[in-house]
Amino acid sequence: QLTQAFRTLDATLTDIQNQSNVRLTDTVSDINTISSQIAALNTEIARAVGRGQQPNDLLDTRDQLMDNLSKLVNFSYTTAATGEVTISMGATFGNIVDPTVVGGFNAIVRADLDTMYANGEMTGGRALADEQLWDPVGAPGSSGTGIIDTIRASLDTFVNTFVGAMNTANGAGFDLNGVAGGNIFLAAGTTAATISIDPANNILNNVNLIAAASSWGGAGEP
C-alpha cells in the first residue's frame, strides 16, 4: 500500500504537469484568436473614427476581448488617435496586436510563452499559472523552478531517505530464521515512481523475513 501510494502520487503529479502543458498550447491558440479579432476591430474602428463617428459598440466589443486576453496573459497597450490599440507582451515577444503590420497582429508560438516566463516577464493570467506548474527542469526555455518538479524533487528526496533508513534498520536485525535481515525495499527504487519491495527479500510472500530481532541466540533468549 505504501509503495503504491508513492507511485500514485508521482503519477498524479505527472498528470497535472501534462495537463498544464496541454493548456499552454491551447492558450497560445486562444491568444492568437483574440489578437486577430482585436486587429479586425482596430481596422473598423479606425475607419469609423476617420469618418468622424464614435464607434461605441465596436469599442465595447474590443474592450471585452482585451478583458478576455488579460485572463490569459499580462500585457500593456497604447491607443492611437485613430482609435487603434497596440498591444505588447513585453520585450521577449513585442507587439501581438500591431496596426502597422500586415493583418494587424503577430501570431505567437508556444516557445514565446515559455521564454517570456523564463525571462520573468509573465506576471499574470492562465499562462502564468500553467507555466508555474509545468516548467520542467531541463526543458527548452525553462527556468527549472516549476512547482511540480519542485514537489517531485522533495518527494523523491524523502523516498530516498526512507528506503535507505528502512533497509539499514532491517539489515541491522535478525529474522525468524536467525539470518541477518535483507533489504525490504529495492535499493535502486529511490524515487516515488520506482519505490518497490525487494523481490529478493519479499516480505509480502514471507513475513518471517522481517528482521525484528535485535540479536539472535544470545544467553537466555527465547
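This is a predicted model: local features need pLDDT of at least 70, side-chain atom pairs count only at pLDDT 80 or more; totals for chains, interfaces and linings use all residues.

Ser 76 stands opposite Ser 88 in strand S2. These residues belong to an antiparallel pair, in which strand S1 (residues 76–79) and S2 (residues 85–88) are joined over four bridges. Strands here are DSSP runs of E with at least two residues, helices are runs of H or I with at least four, and both are numbered from the N terminus; two strands pair if DSSP finds at least two bridges between them. Five residues separate S1 and S2 in their hairpin, and Gly 83 there takes a positive phi near 95 degrees.

Residues are numbered from 1 along each chain as its sequence is written, and side-chain values use heavy atoms, with hydrogens and water left out.

S2 also pairs with strand S3 (residues 95–97), in the antiparallel sense and over two bridges. Here Ile 87 stands opposite Val 97 in S3. Six residues lie between S2 and S3 in their hairpin, where Gly 90 in the turn has a positive phi of about 105 degrees.

Let us turn to the whole protein. Along the sequence, its pattern is α-α-β-β-β-α-α-α. Its radius of gyration is 29 Å, well over the 17 Å that the globule rule gives for 222 residues, so the protein is more spread out than a compact globule. The radius is taken over C-alpha atoms, and the rule is 2.2 Å times the number of residues to the power 0.38. The C-alpha atoms fill a box of roughly 110 × 25 × 25 Å along the principal axes.
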